Amino acid sequence: MSILPDIPPYRRAQVGVLAERLSEPRRLIQVIVGPRQVGKTTMVRQVLSIVDEPVVSVSADEPALKDRAWLAAQWERARVHARKEGSCILVVDEIQKVTGWPETVKRLWDEDTSAGTSVKTVLLGSTPVLLVHGVSESLAGRFETIHVLHWSYDEMASAFNVEFDEFVYFGGYPGAAWLIHDEPRWRAYVLDSLVETAISRDILLLQRIEKPALLRRLFSLGCEHSGSVVSYNKMLGQLQDVGNTVTLAHYLDLLSGAGLLSGLQKYSTQPVRRRGSSPKLQVHNNALLSAMADARFDDVRGDPEIWGHWVESAVGAHLVNAAAAGTVKLYWWRDGNEEVDFVIAKGKRVVAIEVKSGRRAGRLSGLDAFTKRVPGARPLLVGGDGIPVAEFLRLPVESWLEA
């Protein structure tokens, strides 16, 4: 059976990569990481439909955490097939919800290596930070990673005929695409099936959170101010909480790890200054901004000031997803009255990005100031007289570093 043709080329290519890796005689663990509802499970199902091997597929995504014994039992099921038929593919979804999974996987994988048992293992997880940390600490030399990101404008347009304005407002969740013409239902789906599930199962269930209400309010505040720089002290004031900035920074890291909301650091050649800067809040998917705002599409689209905010956030979401996959480093920058919206960097290549959405005066002095302070940096204007926003969102972020 061939790979289904109706999925976007990028996703189809990832299916091909995983299928090829599983067909190889070596047994490196395949780790599939990405936020909820971006197609990780669908991708694996595509692969399983084109491989000719026995499969054991299980999920740990339940209200109660699974333990080592459960994981060992699933692994043993795969071993039975592998011993009988030569090999078996074991798929474990939401692996990070299994207590002590990194050490258990390491032990079982090493046992199979010694015994010559071919259990080809695929681990999926919706909290990339926890998952990557676990495999890096315990499974060094035993795994490969495939990052599955939020869907881009190009993918949503090709798969669901989503128009540019619709993408800016409704974002890139493929499972919600068919609901965009029923806004109340779409909003309920995003809030209940995506936001609440990610917060309750991917953060609160797996981490010790002393102030869960504060984390939820922080997420709400971040959606409201997506694309804006907000100091931690100002956040505490708006959240009306007696917490501290360390707690807020930690909660932002957790929300970022779940693919919801990041706090971008200020660009500096000195890491200490980056870490001490006020964060620029940025959602990973504009659907989160729209669902939390409870503002109708026509009302947002009809107000140039508000629409400009949505457009800038869509650009930021496009960039932050590339950063989440490790493709680039992403920052913001300000020096006195001069600023640029985003800075992307990879090695010695640096690009300063200013988004001209129409909601602010069209001064471009920030780009000029940045390139003077950072020799070799490339200025890039998105919108207005620069790169059309739709074109920018269609292309991979790393392509702007190569131009």
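Student: At 31% relative accessibility, what does Glu76 count as?
Tutor: Glu76 counts as partly exposed, because its relative accessibility of 31% lies between the 20% and 50% cut-offs. Please note that this is a predicted model.

Student: Which residue forms a salt bridge with Glu76?
Tutor: Arg79 does, with the closest N and O atoms 3.4 Å apart. Both residues lie in helix α3, three residues apart, which is about one turn of the helix. Arg79 is buried, at a relative accessible area of 8%.

Student: How many salt bridges are there in total?
Tutor: The count comes to 24. Among them is the pair of Arg201 and Asp61, whose closest N and O atoms are 3.2 Å apart. This pair links distant parts of the chain, 140 residues apart: Arg201 is in helix α8, and Asp61 is in the loop between β2 and α3.

Student: And what meets Arg301 in a salt bridge?
Tutor: The side chain of Asp165 does, at 2.8 Å from N to O. Arg301 lies in helix α14 and Asp165 in helix α7, so the pair ties together parts that are 136 residues apart in sequence.

Student: Which residues do shared partners join into one network?
Tutor: Glu76, Arg79, Arg83, Arg107, Glu111 and Asp112 are joined in this way by salt bridges.

Student: Changing topic, why is α15 described as largely enclosed?
Tutor: Of its 21 residues, 16 are buried, so α15 is largely enclosed by the rest of the structure.

Student: How far apart are its end C-alpha atoms?
Tutor: They are 30 Å apart, which agrees with the 30 Å that the 21 residues of α15 should span at 1.5 Å a residue. At the start of this helix, a side-chain oxygen of Asp303 comes within 3.0 Å of the backbone nitrogen of Glu305. Just after α15, Gly326 has a positive phi of about 85°.

Student: What about phi of Glu94 and of Asn161?
Tutor: Phi of Glu94 is positive, near 55°, and phi of Asn161 is also positive, near 55°. Most residues other than glycine have a negative phi.

Student: Is Glu94 buried or exposed? And Asn161, buried or exposed?
Tutor: Glu94, in the loop between β3 and α4, counts as buried at 5% relative accessibility. Asn161, in the loop between α6 and α7, counts as exposed at 65%.

Student: Lastly, what does the side chain of Asp341 reach?
Tutor: It reaches the backbone nitrogen of Val355, at 2.7 Å. Asp341 is placed in strand β10 and counts as buried, at 5% relative accessibility.

Technical notes
Residues numbered from 1 in each chain as written. Predicted model: local features only at pLDDT ≥ 70, side-chain atom pairs only at ≥ 80, totals over all residues. Heavy atoms only, no water. Helix = DSSP H or I, 4+ residues; strand = E, 2+ residues; numbered from the N terminus. Expected span 1.5 Å × (residues − 1). Buried < 20%, exposed > 50% of the residue type's maximum accessible area, 1.4 Å probe, protein only. Polar contact = N/O pair within 3.5 Å; in protein donor to acceptor, adjacent residues only side chain to side chain. Salt bridge = Lys/Arg side-chain N within 4 Å of Asp/Glu carboxyl O.
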